[in-house]
Amino acid sequence: MDTAYLIETIIKVVVVLLIFSALAGIGTYFERKVLAFMQRRLGPMNVGPYGLLQVAADGIKLFTKEDIIPTNVVGRIFKIAPVITAATAFMAAAAIPFLPQFELFGYTVHPIISDVNIGILYILGIMGIGLYGPLLGGMASANKFALLSAARSAAVFISYEVITGLSILAPIMMVGSLSLIDFNEYQSGGIGDWIVWSQPVAFVLFWIAAFAETGRTPFHLVANDHEIIDGFGTEYSGMRWGLFFIGEYANMFFISFVIPLLFLGGYGDGSFLGALGLLAKMSFFFFFFLWTRAAWPDVRPDQLMWLCWKVLMPIAVINVVITGFVMMF
Amino acid sequence: MKNNEQFNNRNVSENGYYLVDIADYPTDGWGKFKRVVQRTFRGELFVGLWVVLREMIKFDIHTVSYPEEKMPIGPRYRAVHEMKRLWESDAERCIGCGLCEKICISNCIKMDTRIDENSRKEVSEYTINLGRCIFCGYCAEVCPELAITHGGEYEQASEQREHFVDYEYMLTPLDKMKAGTQVEFEGFGAITPHEDERVKKTPLAY
């Protein structure tokens, strides 16, 4: 391990951290605007032109708010829980190739922090750890709503992880590698090579599980405002709550990168157009997260478990078996 | 001004109301399975997606961005009280009869009167405690001189609630009277239109 590699990696880490922290803020702006337009409202309008500086105002508010640790909470766990959510969300980004490799001042840049050969397994595992944030934060909060939310997050956790794992298994069998770069190479021949055509069921299952993974609306039951206030976030304030927020939105962005990389050809042949294509696909999946929030109702926790265990898991298993048979013969 | 939808017609039978056709819940496993399959492939979720996307594309925004634009209020709207002046002489209409103080059901009107140098009754103190006022409009209704009325002003801010509201605040300013822009209240207690034609002369014969 030479120094140049070390410096390059650190720079990449800092860039990813900065970009996606900022994107998390801008993501909230987009969410508020898109939801507003879909509900015939205007959204934030007063801070800056078209409310663009609302993000800055929110950021200042979150940073300067008093950091309250309520009585009766389990202090250490209460303090560490938001860090788990935010940190794991960014750790998962280490194995995601955000762009194809490109030349910058005669130096080849690989826009992936570390191309580990267990890429997708690492990403899903780290994102799974992210749910310990709500779980621990909810259990440590000394608040019944937070406790309910923690129980729900455990229920969500054991439900969706099975689906993500099993649905991704079939494409992995086809590609023969866990690295997202290998996934991309497998599909680099154009639209006809995309895995979504050969594995449509796996694509839909993974997409559904992504909603549970990020806790977005059809499965937004961990912090369901109209039932359990803010769930695990009820007792949090200021920047600790902000960390939960950043973690959630960073997670949405990363999963929006992972879905096209796995199923929709990623950045294709690595040209400039391909890179733009990946960003466009990512934008669509991010937009879809906001879109469903405006359109769809939430399911109950028992319905989510019913859906995952009784419907999606059998379909995923059957999909894996059929893929195996097709590959064998 | 926004072109708002009209919700005034509350006659249920004319508006095309109908009972929603709700199928019975399935009891056996096969029925439940069929329902799940039907719901999965009927594409109801996509209908919802299309509805919100259509609204986004149409961009028919219903927000009133409040401090810049305001919803119109009716002439009968009962906001903060106003004290009117006589059109002829610009003198105050209030004769200090005290009916409004008497009828006020939340006891928020307090007034004091004295005899002025012309031996006429005159209001010396008149306050309405807006913190207690429920804006029922009884004072405007009972006033025999159409002096105390309701206006359309609903935005007030102060550091102390005692600032609302005294006689000087409510009284129509003289420059407004000079310009002839005093607005008569059209709500409860006001003169009905064409009142002049219906007035009969007092028979003085008896």
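Visitor: What do the buried residues of α13(A) pack against?
Guide: In this predicted model, they pack against α6 (144–175) and α9 (200–214) of chain A. Helices here are DSSP runs of H or I, at least four residues, numbered from the N terminus. Contact means C-beta atoms, placed from the backbone, within 7 Å.

Visitor: Which residues of α13(A) are buried?
Guide: Among them are P301(A), L304(A), L312(A) and T323(A). Buried means that 20 or more other C-beta atoms lie within 10 Å of the residue's own.

Visitor: And where is the kink in α13(A)?
Guide: At L312(A), shortly before the proline P314(A), and the kink is about 40 degrees. The bend is the angle between axes fitted to the seven residues ending there and the seven starting there.

Visitor: New helix! How many residues does α3 of chain A have?
Guide: Helix α3 has 18 residues (75–92) and reaches 27 Å from its first C-alpha to its last, close to the expected 26 Å. The expected span is 1.5 Å times one less than the number of residues.

Visitor: Where does α3(A) bend?
Guide: At A81(A), by about 25 degrees, with P82(A) following within four residues. Both A81(A) and P82(A) are buried, and what covers the buried residues of α3(A) includes α1 (3–38) and α11 (238–263) of chain A.

Visitor: How many residues does each chain bring to the contact?
Guide: Chain B brings 13 residues and chain A brings 10.

Visitor: How are the labels set?
Guide: Residues count from 1 along each chain as its sequence is written, and chains are lettered from A in the order in which they are written. Local features need pLDDT of at least 70.

Terms used: Predicted model: local features only at pLDDT ≥ 70, side-chain atom pairs only at ≥ 80, totals over all residues. Helix = DSSP H or I, 4+ residues; strand = E, 2+ residues; numbered from the N terminus. Buried ≥ 20, exposed ≤ 12 C-beta atoms within 10 Å, placed from the backbone. Contact = placed C-beta atoms within 7 Å.
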